[in-house]
Amino acid sequence: MDMLEALRLQLEWGVDEALLDAPQDRRVSAPAPPTPLPAAPPAPRPAAKAPAPMPAGPAEAARLAATCQSLDELREAMDSFTGCALRDTATQLVFADGADDARLVIIGEAPGAEEDRAGRPFVGAAGQLLDRMLGSIGLDRTKIRIINTVPWRPPGNRNPTEAEIALCLPFLHRQITLIHPAALVTLGAIATKALLPEQGASGIRRLRGTWREAHITGLDAPLPCLPSYHPAYLLRTPMAKSESWLDLLQLRERLELMIFTKS
Ligand code: URA
């Protein structure tokens with residue numbers, strides 16, 4: 001297999017990050033450890049070092065998120081949050097796109113490679129389809145807010161783990177609270193499960209197309225939330241577009257109602 005073919009194969013397998021400077025052939029067993037030297041007399045114990053800081057967990061994320069009184073503060077807090085390992089492999093934080101005072105917030109899953117480079121959610125192929133879908137009901141990014149469940153790209157575009165989602169959830173809730181929209185749309189199973197945990201293991205196919213209630217930390221009343229298919233799924237499964245169109249019509253109806261009732 002030539003070098004180019006080998007690289008292509010790696011890409012297909014999701015290898016798109018270099019973790020070490022020098023390549024390591026893991027098929028070759030590691031060299032035997034050096035023979036231990038005869039034991040030296042015990043050295044005097046060094047003074048006890050201060051314990052390393054504990055990794056920040058969801059409680060720390062929740063505490064930090066709650067202190068943020070504006071979207072700018074929230075962006076800064078998330079940018080300096082070191083508790084989520086995804087931050088170490090991502091290029092940058094992908095905070096959000098769209099209006100700070102949007103009436104509608106659309107929640108995706110996690111940034112992909114293009115979003116990671118651009119620092120904006122949904123700029124790749126799925127994002128272009130999302131733009132067209134929004135355009136078909138008279139919406140664009142200036143009128144709505146787009147956020148991801150997880151704001152850093154998982155390496156190789158894998159799904160974020162439950163632990164990563166739990167870590168990032170307080171930031172997502174805080175952003176929704178600060179915007180205080182009238183409605184939410186979740187795209188795909190991951191965002192839907194994160195915002196509608198009481199729906200249990202129900203799949204996106206069962207949940208999509210019906211307005212549900214999302215309980216957001218910091219808001220007194222639940223927000224209406226419409227789960228729908230993720231545009232990346234629609235790109236792979238064009239047959240599902242007709243169902244998504246029904247969801248968009250429902251969304252348009254709700255938005256028209258919101259204009260008249262100012263809910
Ligand atoms: N898919 C998502 O869920 N979010 C993005 O930002 C891009 C692709």
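This is a predicted model: local features need pLDDT of at least 70, side-chain atom pairs count only at pLDDT 80 or more; totals for chains, interfaces and linings use all residues.

Visitor: Which residues line the largest cavity?

Guide: The lining of the largest cavity is made up of Ile-106, Leu-130, Met-133, Leu-134, Val-185, Leu-187, Leu-226, Ser-228, Ser-244, Asp-247, Leu-248 and Leu-251. As for elements, α6 (125-135), β4 (183-187), β6 (223-228) and α11 (241-261) each give two or more residues to that lining.

Visitor: And which element has the largest share of that lining?

Guide: That's α11, with four residues.

Visitor: How much space lies in the largest cavity?

Guide: About 80 Å³. Searching the whole structure turns up two cavities of 30 Å³ or more.

Visitor: OK, what about the second largest cavity, how much space lies in there?

Guide: About 60 Å³. Its lining consists of Met-78, Val-94, Phe-95, Ile-147, Asn-148, Thr-149, Pro-151, Cys-168, Phe-171, Leu-172 and Gln-175. Here the elements giving two or more residues are β3 (145-148) and α7 (162-179).

Visitor: Let's zoom out. How many helices and strands are in the chain?

Guide: Eleven helices and six strands. The chain has 263 residues, and 41% of them count as buried.

Visitor: What share of the contacts joins residues at least 24 apart?

Guide: If you take contacts between residues at least 6 apart in sequence, 72% of them join residues at least 24 apart.

Visitor: And the accessible surface, what does that come to?

Guide: About 15,800 Å² for the chain, with 58% of that belonging to carbon and sulfur atoms.

Visitor: Now the sheet. In what order do the strands sit?

Guide: It's an open sheet of six strands, ordered β1-β3-β2-β4-β6-β5, with mixed pairing. The edges are β1 (97-98) and β5 (212-214), each of which pairs on one side only.

Visitor: Remind me, how do strands of a sheet pair in general?

Guide: Through backbone hydrogen bonds, in either a parallel or an antiparallel sense.

Visitor: Is β2 mostly covered or mostly open?

Guide: Mostly covered, with five of its five residues buried. Leu-104, Ile-106 and Gly-108 are buried on one face, and Val-105 and Ile-107 are buried on the other.

Visitor: And β6, why would you call it largely enclosed?

Guide: Because six of its six residues are buried, β6 is largely enclosed by the rest of the structure. Leu-223, Cys-225 and Pro-227 are on one side and Pro-224, Leu-226 and Ser-228 on the other, with both faces covered.

Visitor: What are the pairings of β6 like?

Guide: With β4 the pairing is parallel, over four bridges, and Thr-186 stands opposite Pro-227. With β5 the pairing is antiparallel, over three bridges, and Arg-212 stands opposite Cys-225.

Visitor: Last topic, helix α8. How many of its residues are buried?

Guide: Six of its eight residues are, in a helix that spans residues 188-195 and is mostly covered. The buried ones are Gly-188, Ile-190, Ala-191, Thr-192, Ala-194 and Leu-195.

Visitor: What covers them?

Guide: The cover on the buried residues of α8 includes β2, α7, β4, α9 (204-207), β5 and β6.

Terms used
Residues are numbered from 1 along each chain as its sequence is written. Side-chain values use heavy atoms; hydrogens and water are left out. Buried means under 20% relative accessible area, exposed over 50%, partly exposed in between (1.4 Å probe, protein chains only). Contact means heavy atoms within 4.5 Å. Accessible areas come from the Shrake-Rupley method with a 1.4 Å probe; for residues, only the protein chains shown count as cover. On a 1 Å grid over the protein atoms alone, a cavity is a set of points where a 1.4 Å probe fits but cannot get out, and a pocket is an open set with protein on both sides within 12 Å along at least five of seven lines; lining residues have an atom within 4 Å of a point. Grid points are joined across faces, edges and corners, and a volume is the space filled by probe spheres set on the points. Two strands pair if DSSP finds at least two bridges between them.
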